[in-house]
Amino acid sequence: MPAPIRLRELIRTIRTARTQAEEREMIQKECAAIRSSFREEDNTYRCRNVAKLLYMHMLGYPAHFGQLECLKLIASQKFTDKRIGYLGAMLLLDERQDVHLLMTNCIKNDLNHSTQYVQGLALCTLGCMGSSEMCRDLAGEVEKLLKTSNSYLRKKAALCAVHVIRKVPELMEMFLPATKNLLNEKNHGVLHTSVVLLTEMCERSPDMLAHFRKLVPQLVRILKNLIMSGYSPEHDVSGISDPFLQVRILRLLRILGRNDDDSSEAMNDILAQVATNTETSKNVGNAILYETVLTIMDIKSESGLRVLAINILGRFLLNNDKNIRYVALTSLLKTVQTDHNAVQRHRSTIVDCLKDLDVSIKRRAMELSFALVNGNNVRGMMKELLYFLDSCEPEFKADCASGIFLAAEKYAPSKRWHIDTIMRVLTTAGSYVRDDAVPNLIQLITNSVEMHAYTVQRLYKAILGDYSQQPLVQVASWCIGEYGDLLVSGQCEEEEPIQVTEDEVLDILESVLISNMSASVTRGYALTAIMKLSTRFTCTVNRIKKVVSIYGSSIDVELQQRAVEYNALFKKYDHMRPALLERMPVMEKATTNGPTEIVQTNGETEPAVLETKPPSAAFLFSTGIPSITAYNKNGLKIDFTFERSNTNPSVTVITIQASNSTELDMTDFVFQAAVPKTFQLQLLSPSSSVIPAFNSGTITQVIKVLNPQKQQLRMRIKLTYNHKGSAMQDLAEVNNFPPQSWQ
């Protein structure tokens, strides 16, 4: 049989293929030749054939038939064969295939080989694809190599030990004595891998974390030697001594200093030195500074050091590199709740990032800008954010509009400013606002009694000839229906009144009804507004009757039903019409997601709407029952506090508090609960449907549980909400209710 072609010739041949089909034909032809060679047990060219097979595997073609040939190469005595065999094993085998267990004995023999490079191959392979069974069998050999004096083997053994610990965490203590000694090594490669091993052990075991905290002074000393050492060509990267080792040490210090005062105190000085002495002109220095900032923010550092870290992030915002600007914005967003004043100093730079061309930087800058809004800067920040809303891409408008609504509701300096701001949003991005924006604005306008004339005049002007922003048209229709008499009378004191006749007002509303841009809901608003004007206008009642009667035969069922009912009001119940259509009273704050209960039916659950009434203050009295955490997952935490009813001792009143520790709001939050059939449960309305980020606010909701038989309380809860653009849902059991809550 002729000698097979070399790997280099195969690569050259495949690269000459002009089409995918031609390449596939070449690969199939070569695979057939390799299979024939394997069947003939050709030991001479096995290494060459496996190397070609690995190249085909890298191109995405199947190469599983070469797995056993890799094992044969590993068993060979030649180093060149072992090298290709181990490489093939790492690429073609994993712990899901039983073939890999056949390698265990070969790896064990090679770990005890006299040649360090063969031992290194075995360590690399075990550290790459060793299963838990292999790791258990070979951990002893790895631990011996950790204690050897050979630096080449120690660094590879340390990385292999990391893999062993990940697969079999209970073997961690075996590596403890050897790991301590690794930090005394002068070789940077060994130091680097030992820090990686220490980090893995600290992350996986609280006991190891407490044990290794005593190494903080030694790690600080190593880091100080690195930043103070002179030029070393072996470790220098862009003028900085071994930045990879510096970053690894900073990460380990972050883990060791978290929630520990003594360790944090020991590393404060070195962190300040790294922050002030690191060169920022190159990306290498920026990487170290970023890790330093993360460490300062995560440990119990001094306030001055935290301000220094935030100033570094502020400098990052001025960097030309987009990635650096992005990580700076993300880090500032995480720290804004704890160091609000320090981040405020960089507000102008953050606002400038809203004009960046990169969409990811824009989004982070927008989120951070909303986090910086407070009562002192709300006017200036809203001006910038409204300008951003005018010019931003469509995918930003919904989030930006929601953020402006929330900030305006929380920090509005006056009701007029609040109304003007929301109207500006509706005019600019009305089609992108959330569904609850319309009822919320209507409620705001209703409660601002002194602003009724001003608001209806502004809204009337806003929709003249433009019906494209449907939420704006809906609010305007509602307001014109409610306060049309104020619009016609020209009683506005806040700005120059306009002269409008009753017919002109009706013309606008009729235009909304017949416009092709009007949605069915908008037409409903307009028809209801026209009907309300029949009690507010005096000269156009006949015209209103005619318009209403026309829509009694509309093909839109909703519109038809409204018109038929309004016609009946005119004909049969005209004496009741003024009372039915009188002006709306001041509204109380309402929520968008109604209360529900999960009713148990043959093992299935289905929601049932309950009547809701706010609990009176006299209904509750404190009993000193300890609170519990019912749910804590994915940044969402739900706590239960308990009270006993003053009127019925069998009723337990549970108040839930939902908080959100992530960096983004959780929206459309709905809490549902189910209890065994011997209990009766009632859910009252929640305080909101949005849980603010960074634990900056909570949602509260009251649950009443009737337990006449005094049985142990058990509850199943269901949580649904939107977070980071995706719908989340989870079920959980709550069985840790304190005895005082049900006895």
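Mentor: We begin with burial: a residue is buried under 20% relative accessible area, exposed over 50%, and partly exposed in between, with a 1.4 Å probe and protein chains only. The areas come from the Shrake-Rupley method, and for residues only the protein chains shown count as cover. Glu510, with a relative accessible area of 24%, is therefore partly exposed. This is a predicted model, in which local features need pLDDT of at least 70 and side-chain atom pairs count only at pLDDT 80 or more, while totals for chains, interfaces and linings use all residues. Residues are numbered from 1 along each chain as its sequence is written, and side-chain values use heavy atoms, with hydrogens and water left out.

Trainee: Which residue forms a salt bridge with Glu510?

Mentor: The general idea is that side chains of opposite charge can pair when their charged atoms come close. The term salt bridge is used for a side-chain nitrogen of Lys or Arg within 4 Å of a carboxyl oxygen of Asp or Glu. Here the partner of Glu510 is Arg543, and their closest N and O atoms are 2.8 Å apart. The pair links distant parts of the chain, 33 residues apart: Arg543 is in helix α30 (residues 541-550) and Glu510 in helix α28 (residues 502-514). Arg543 also counts as partly exposed, because its relative accessibility is 24%. A network of salt bridges links Asp503, Asp507, Glu510 and Arg543.

Trainee: How many salt bridges does a search of the whole structure find?

Mentor: The search finds 34. One of them joins the side chains of Arg154 and Glu185, at 2.6 Å from N to O. This pair also links distant parts of the chain, with Arg154 in helix α9 (residues 151-167) and Glu185 in the loop between α10 (176-182) and α11 (188-204), 31 residues apart. Arg154 is buried because its relative accessible area is 11%, and Glu185 is buried because its value is 18%. Another salt bridge is between Lys147 and Glu143, whose closest N and O atoms are 2.7 Å apart. Lys147 counts as exposed because its relative accessibility is 52%, whereas Glu143, at 12%, is buried.

Trainee: Which residues touch Ile34, not counting residues up to four places away in sequence?

Mentor: Contact means heavy atoms within 4.5 Å. With that sequence limit, Ile34 touches Asn49, Lys52, Leu53, Met56 and Phe65. Ile34 has its place in helix α2 (residues 20-39) and is buried because its relative accessible area is 0%. The C-alpha atoms of Ile34 and Gly66 are separated by 9.1 Å, although the two are 32 residues apart along the chain.

Trainee: Is Ser241 buried or exposed?

Mentor: Ser241 is buried, because its relative accessible area is 11%. Leaving aside neighbours within four places in sequence, Ser241 is in contact with Leu226, Ser229, His235 and Gln246.

Trainee: Which residues form a negative surface patch?

Mentor: Patches are made of residues with over 30% relative accessible area and no salt bridge; like charges are joined within 9 Å, and nonpolar side chains (Val, Leu, Ile, Met, Phe, Trp, Tyr) within 5 Å. Lys and Arg count as positive and Asp and Glu as negative, while His and the chain ends are not counted. The place of a charge is taken as NZ of Lys, CZ of Arg, CG of Asp or CD of Glu. The negative patch here is formed by Asp262, Glu265, Asp269 and Glu302. Glu302 is in the loop between α16 (283-298) and α17 (303-316), and counts as partly exposed because its relative accessibility is 44%.

Trainee: What forms a nonpolar patch on the surface?

Mentor: Tyr573, Met576 and Leu580 form one, with about 280 Å² of accessible area together. Leu580 lies in helix α32 (residues 577-580).

Key. Areas by Shrake-Rupley, 256 points an atom, 1.4 Å probe, with all protein chains shown as cover. Helix = DSSP H or I, 4+ residues; strand = E, 2+ residues; numbered from the N terminus.
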